[in-house]
Amino acid sequence: MIKSSRGCCGEEELQQVKEAFEYGYFGLAYKTAELEDEIAGYVGTDRYVIATNTGTTALHLALDTIGIKDGDEVFMPSFTFIATAQAVVMCGGKPVFCEVDPVTFLMDVNDVRKRITDRTKAIIPVHYAGRPCDMDELLKIREETGIRIIEDAAHAFGSEYKGKKIGSFGDITCFSFDSIKVMTCGEGGAILTDDAAFDDLSRKKRLLGIDRKAMHVKDWKKRSWVYDVPTAGYRYHMSNINAAIGLAQIKKVDMFIRRRRELCHLYDEKLKGVNGIECMPEGYDSITPFMYVIRVKDGRRDQLKDYLMEHDIESGISYIPCHQFTLFRNNGDTYPVTDQIYREILCLPMHFELSDDDVVEVTDRIREFVNQ
Ligand SMILES: Cc1ncc(COP(=O)(O)O)c(C=O)c1O
């Protein structure tokens with residue numbers, strides 16, 4: 001079976017986890033703080049980094065920290081993973097779905113502008129498949145209206161926008177390091193911001209509202225055991241064990257990204273001119289390609305997916321648009337561009353351990369399918 005995605009860990013991760021086991025305390029500890037520093041270094045920023053136990057909790061923590069509450073509108077593309085919308089629901093907020101660009105599948109900023117009301121409190125652009133949204137335009141909205149921009153950069157760790165890595169500019173950025181992301185912590189996430197007050201409050205909220213100094217120092221004698229609880233909070237910190245995995249992974253992330261770019265170029269080359277198959281625009285060399293997505297024309301997407309599976313090739317459909325789910329279906333708005341994309345997309349196998357031969361096998365099968 002050629003798997004559509006998979007995490008890739010080895011001896012370095014095992015060694016890091018061994019150290020975490022030997023330390024004997026597995027919760028919020030020194031490796032979490034070390035990983036936060038490494039993330040800032042990798043992104044090339046002196047921003048605050050708050051490591052969380054998932055990308056979903058990073059989003060929820062960010063929204064909660066900026067004060068999203070009952071009835072507040074938070075914008076996002078309908079074309080995203082349900083985690084983006086659920087983070088808003090968890091705050092009691094109202095997800096407002098927007099259309100995406102028909103070519104890049106990224107948030108349509110003109111549609112965003114049309115939907116703004118005085119209840120709109122935040123916008124969550126999603127850097128789909130690692131491609132950055134139009135941050136200049138979104139940050140212009142932030143300047144004009146005060147509406148906060150919280151980037152869902154679950155797919156985009158390492159991607160660049162106008163020469164700078166995602167996470168090094170903008171308002172608040174949330175990453176995911178779940179099991180299949182380009183860099184994994186097993187499970188994990190992180191928030192990046194330059195807002196000191198946000199950093200202070202979100203760190204407390206991350207740990208049940210606890211305000212305790214010297215939490216993650218390695219030397220137990222220096223840990224402080226007295227604390228206050230000034231705010232409501234959650235249990236959202238990244239554990240020392242998950243951070244250990246991340247510390248090994250972050251050293252490999254450039255290698256992972258380089259290989260993914262090569263694979264995208266090979267897919268592009270092999271699928272060029274194949275009838276009824278459209279590839280995404282180029283531009284892989286400045287981004288972290290999280291997925292390789294094609295469009296299958298003439299209503300044949302599901303047939304192609306089945307055909308690939310018959311030949312032991314797994315593929316994916318990311319994503320079912322949020323507005324199509326029972327939870328949101330009654331909102332009444334329509335999203336024709338998103339619906340059309342959803343009918344056509346297919347995510348082909350993409351991970352570090354995919355070989356050139358695997359790509360040739362996948363693309364040969366696709367050609368065979370369209371020619372039959
Ligand atoms: C676009 C998007 N947002 C948020 C998340 C949530 O991240 P996590 O799985 O780490 O909770 C994901 C995860 O796949 C995602 O793809």
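**Ligand site and local backbone geometry**

The ligand is surrounded by 17 residues, the closest being Gly-55, Thr-56, Asp-152, Ser-176 and Lys-181; a residue is near the ligand if one of its heavy atoms lies within 4 Å of it. The structure is a predicted model, in which local features need pLDDT of at least 70 and side-chain atom pairs count only at pLDDT 80 or more, whereas totals for chains, interfaces and linings use all residues. Residues are numbered from 1 along each chain as its sequence is written, and side-chain values use heavy atoms, with hydrogens and water left out.

The side chain of Asp-152 places an N or O atom 2.7 Å from a ligand nitrogen. For Ser-176, a polar side-chain atom is 2.7 Å from an oxygen atom of the ligand, and for Tyr-319 an N or O atom of the side chain is 2.9 Å from a ligand oxygen. Taken alone, the ligand exposes 390 Å², of which the protein buries 92% (Shrake-Rupley method, 1.4 Å probe).

Helices H3 and H4 each supply at least two residues of the shell around the ligand, and H3 gives the most, with 3 residues. Helices (H or I, at least four residues) and strands (E, at least two) are DSSP runs numbered from the N terminus. Within H4 (residues 82-90), Ala-83, Thr-84, Ala-85, Ala-87 and Val-88 are buried, where buried means under 20% relative accessible area, exposed over 50% and partly exposed in between (1.4 Å probe, protein chains only). These buried residues pack against helix H3 (55-65) and strands E2 (73-77), E3 (94-98) and E5 (148-152), with contact defined as heavy atoms within 4.5 Å. Gly-92, which follows H4, has a positive phi near 85°.

Most residues other than glycine have a negative phi, and most peptide bonds are trans. The bond from Ser-318 to Tyr-319 is cis, with omega near 20°; Tyr-319 belongs to the loop between helices H10 (301-310) and H11 (336-344). A positive phi of about 60° is found at Ala-129, in the loop between strand E4 (120-123) and helix H6 (135-145). Ala-129 is buried, at 6% relative accessible area. Asp-298 likewise has a positive phi, near 65°, and is placed in the loop between strand E11 (292-296) and H10. Asp-298 counts as exposed, with a relative accessibility of 67%.

Technical notes. Polar contact = N/O pair within 3.5 Å; in protein donor to acceptor, adjacent residues only side chain to side chain.
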